[in-house]
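Here is a friendly tour of one protein chain, written for someone new to reading structures. Have the viewer open and follow along.

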Amino acid sequence: MAKSKIIEQIQNNDKGLHGQYKSWFLEYASYVILERAVPAVEDGLKPVQRRILHAMKEMDDGRFNKVANVIGQTMQYHPHGDASIGDALVNMGQKDLLIETQGNWGDIRTGDDAAAARYIEGRLSKFALEVAFNAKTTEWQLSYDGRKNEPVTLPMKFPLLLAQGADGIAVGLSTKILPHNFCELIDASIKYLRGKKFELYPDFQTGGQVDVNDYNQGKRGGKVKVRAHIEESDKKTLLIKSVPYGVTTTQLMDSIVKANDQGKIKIKKVTDNTAADVEIQVDLAPGISPDITIDALYKFTDCEISISPNACVIVDMKPQFLGVNDLLKISVDKTKELLEKELQIRLNELQEKWHYTSLEKIFFEEKIYKELEKKHETWEKVLDAIAKAFVPFTKQLKQEISKEDIIRLTEKPVRRIYKLDIEELNEQIKGLEADIKQVKHDLNNLVDFAVSYFENLLKKYGKGRERKTEIKMFEVIETRQVAIVNTKLYVNREEGFIGTGLKKDEFLFDCSTLDDIIAFTKRGIMKVVKVSDKVSIGENIIHVAVFKKNDERTTYNMIYADGASGKSFAKRFNVTGVTRDKEYDLTKGNDKSKVHYFSINPNAEAEVVKIVLTPGSKAHKKEFEYNFAELEIKGRGSMGNTVTKYPIKSVKLLEAGVATIAGKKLWYDDQFGRLNEDEKGMLLGSFDEEDRILVIYSDGNYEITDQEISQKFDPDKVLLIEKFDPEKIISAVYLDDEKKQYMVKRFKIETTTLHNMFSFIKEGDGNYVEAVTTDEAPVLAMQSGRGSQVRKAKIKIEKVAEVTGWKTVGTKLADFNKTIEMEWVRKTEGRQQELF
């Protein structure tokens with residue numbers, strides 16, 4: 001009996017304990033969410049930030065205060081120690097919006113910490129004093145110990161949450177709101193008030209570049225890519241001029257060193273030259289392309305990072321996930337509400353002042369004050385007498401006269417009675433009436449008033465707060481485009497191994513540790529593997545190469561004998577995509593199958609081979625030719641066409657093949673300055689292996705380059721890019737800034753060196769190419785003047801300038817005029833169409 005009671009008691013206690021743990025966890029989670037980590041939607045502040053600002057307002061006398069003193073003052077409201085207050089205070093000061101700082105407050109770019117709290121000072125900025133405080137519109141609550149009043153939220157009349165951003169990790173949820181541009185937030189606020197559409201994108205103090213295509217208004221699931229700005233100082237040096245948001249110069253340099261150690265990039269050294277502006281110098285290893293290295297830095301280091309926003313705020317004491325557009329709308333609506341409340345308070349104050357001033361005027365003008373000189377039995381009777389004296393004038397007033405009004409009048413100094421200027425009171429009343437009229441007008445036109453309020457903020461505080469982060473679309477950088485040759489690959493054909501560690505075996509080629517390798521064996525097995533120290537492919541390897549995914553041009557021609565039937569088959573196939581480390585059988589699947597002939601053809605060449613059968617075969621014709629051009633290109637899994645049912649002794653190349661597919665098509669994407677095979681941008685044409693590309697720039701240089709996809713051009717400078725034809729004549733118009741005249745010249749490209757810049761215009765500051773074409777008979781349309789003074793002309797260039805050498809100065813075309821516009825006349829269906 002006693003034992004069962006004990007068990008029952010333990011079970012009851014256990015239930016109670018579980019209930020307490022559940023309750024405690026929920027209370028703790030709610031506390032962290034509401035009181036620590038997540039900002040309130042009303043003012044965009046976490047509790048510690050709000051208490052810091054309130055404490056600073058209490059201390060505010062226009063002078064700087066020691067941060068240590070601010071921390072001490074804040075501890076009256078925030079019961080979590082000085083460290084959390086100090087960190088939050090420094091964080092707010094570094095954002096350079098609400099707090100004006102003095103001393104070493106650290107550097108978000110380098111990650112340097114602020115000096116000790118006793119050495120640095122701060123005060124509320126003029127902006128903060130204007131937008132964040134108004135005791136009359138603030139809702140108050142008792143502090144944690146009940147000794148003080150603190151604001152529930154500050155009456156914030158600005159979308160502060162979006163301007164500063166916010167980070168916080170609570171129990172079961174987190175928030176990450178990216179900072180936005182001050183001026184753009186005000187513009188968006190005005191657009192919203194006017195009922196217009198608006199867009200908001202992040203802007204970071206650290207500058208750089210941001211791709212906002214997937215921003216999704218800062219909601220969960222969205223992301224932005226942020227890049228450092230990298231400049232090419234010369235062919236051996238790169239300069240990183242900014243850091244991505246949330247990355248310090250030290251972290252960035254560490255990531256670069258790590259990528260170099262892993263063989264992903266090749267550099268000699270990296271140096272931090274950061275002072276007033278960020279500058280990290282990257283010295284390249286000899287023979288390394290700066291363009292490829294820039295792309296590799298974005299691909300493999302913290303020069304590019306991805307940030308996933310997650311806008312979570314406290315709304316009505318509950319966390320909610322909202323987009324930045326919703327947050328701005330809530331903020332603007334709240335601002336309008338606060339402005340209305342302030343106007344209403346102002347109106348009440350003005351009306352109260354008008355009432356008392358009118359009473360005062362009547363009190364003295366009608367000599368009601370003389371009731372004070374009469375002998376009344378009691379003070380109450382004096383007050384009653386004054387009240388009776390006001391009865392004839394009540395129609396002049398807008399509200400009833402209270403006892404308090406009369407007492408205030410009786411307390412006026414005697415000297416005031418005799419020196420009072422009635423006219424001055426009349427002027428005061430007129431001024432009050434004008435003010436009341438204006439406030440009522442503002443209340444009736446609240447949207448216009450709110451717009452004016454935001455416009456005034458922009459005018460007063462917008463200077464120097466222009467966008468720092470450039471918005472642009474980032475191109476996708478494929479690993480194969482930036483992989484650098486950093487290792488050597490070897491093969492043991494007989495045993496069937498490839499790898500970088502087989503240094504005693506046959507050397508194959510240099511490659512990158514990021515490459516995939518494709519290999520084929522005599523048995524007809526194909527396998528794609530990652531570059532590693534040693535990997536098994538299979539005995540009797542016949543071919544190894546770097547694998548190019550989605551390569552539809554490289555074609556493999558193969559003749560193999562089926563181990564089961566003894567028949568031989570021929571097939572042509574591409575390998576576009578595979579599963580890494582998986583074995584693919586290119587034959588019919590018998591273990592005794594073997595490859596007689598195998599060739600690799602970059603442009604789907606189809607050769608002719610000589611097939612010799614074994615002497616003992618029953619075939620009448622023991623030698624014959626086979627032309628691969630008769631075969632269609634199919635998938636790697638196809639069986640192939642039957643060549644012979646008799647055993648083959650040998651297969652030898654008889655005649656080299658010719659390409660069976662058209663040349664490689666290249667496009668130029670002028671958004672990113674890239675060549676591509678993905679049909680992005682302008683088609684340059686079909687290219688054979690020996691074809692070259694001509695690029696002409698606005699600074700007067702041209703270059704001949706190859707078809708390498710990884711190279712990058714400056715899209716802002718490229719005037720012409722096309723397949724190079726040495727017989728084509730270049731017609732160019734350029735400005736000679738010294739003589740203030742346009743020059744025209746026609747010439748052929750006489751140089752053949754690849755990747756070298758050649759200047760074809762007169763040297764001089766301010767000289768640039770205005771127009772260039774390779775049309776056979778170019779016609780230039782020119783227009784100058786404005787309005788009724790517009791003059792138009794069409795000029796046949798071949799009649800103005802003869803074909804000369806590329807180094808000549810050219811012929812004068814026209815005097816410089818800022819109103820001149822030029823454009824080549826396009827040819828449409830055999831006719832020339834004027835653009836002007």
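## A four-stranded sheet

Let's begin with an open sheet of 4 strands, ordered β24-β21-β22-β27, with antiparallel pairing. Strands here are DSSP runs of E with at least two residues, helices are runs of H or I with at least four, and both are numbered from the N terminus. Two strands pair if DSSP finds at least two bridges between them. At the edges sit β24 (541-546) and β27 (583-585), each pairing on one side only. Ignoring direction, neighbouring strands of this sheet are turned by 20° against each other on average; the axes behind such angles are lines fitted to C-alpha atoms (for helices, over the stretch in contact), and angles run from 0 to 180 degrees between N-to-C directions.

Now zoom in on one pairing: strand β22 (residues 525-530) is joined to β27 by 3 bridges, and the two run antiparallel. For I525, the bridge partner in β27 is D585.

## Where this comes from

Keep in mind that this is a predicted model, where local features need pLDDT of at least 70, side-chain atom pairs count only at pLDDT 80 or more, and totals for chains, interfaces and linings use all residues. Residues are numbered from 1 along each chain as its sequence is written, and side-chain values use heavy atoms, with hydrogens and water left out.

## The whole chain

Stepping back, the chain has 17 helices and 50 strands. Its C-alpha trace spans about 155 × 115 × 50 Å along the principal axes. The radius of gyration is 41 Å, while a compact globule of 836 residues would have one near 28 Å. (That radius is taken over C-alpha atoms, and the globule rule is 2.2 Å times the number of residues to the power 0.38.)

How many of the 836 residues count as buried? The share is 46%, where buried means under 20% relative accessible area, exposed over 50%, and partly exposed in between, using a 1.4 Å probe and protein chains only. A contact means heavy atoms within 4.5 Å. Among contacts with a separation of 6 or more, 66% are between residues 24 or more positions apart.

## Nonpolar cores

In soluble globular proteins, nonpolar side chains tend to be buried together. A nonpolar core is a set of buried Ala, Val, Leu, Ile, Met, Phe, Trp, Tyr and Cys residues joined through side-chain atoms within 4.5 Å. The largest one in this chain has 94 residues, and L89, F127 and I240 are among those with the most contacts inside it. Helix α7 (residues 182-193) gives the most to this core, with 7 residues. Another core lies apart from it, with 18 residues, including I704, I730, F758 and W806.

Helix α7 is also where you'll find S189. Is S189 buried or exposed? S189 is buried, because its relative accessibility is 0%. Beyond residues up to four places away in sequence, S189 touches P159, L328, V332 and F454.

Look next at D43, in the loop between α1 (2-37) and α2 (47-59). D43 counts as buried, because its relative accessibility is 2%. Its side chain reaches the backbone nitrogen of L45 at 3.1 Å, and a polar contact of 2.7 Å links the side chains of D43 and R50. A polar contact is a pair of N or O atoms within 3.5 Å; within protein, one must be able to donate a hydrogen and the other to accept it, and residues adjacent in sequence count only if both atoms are side-chain atoms.

E360 sits in helix α10 (residues 324-365). E360 is buried too, with a relative accessible area of 5%. The C-alpha atoms of E360 and I406 are 9.5 Å apart, though 46 residues separate them along the chain.

## A hairpin to finish

Strands β6 (residues 166-169) and β7 run antiparallel and are joined by 4 bridges. One of the bridge pairs is A166 with I177 of β7. Between the strands of this hairpin are 4 residues, and G172 takes a positive phi near 85°.
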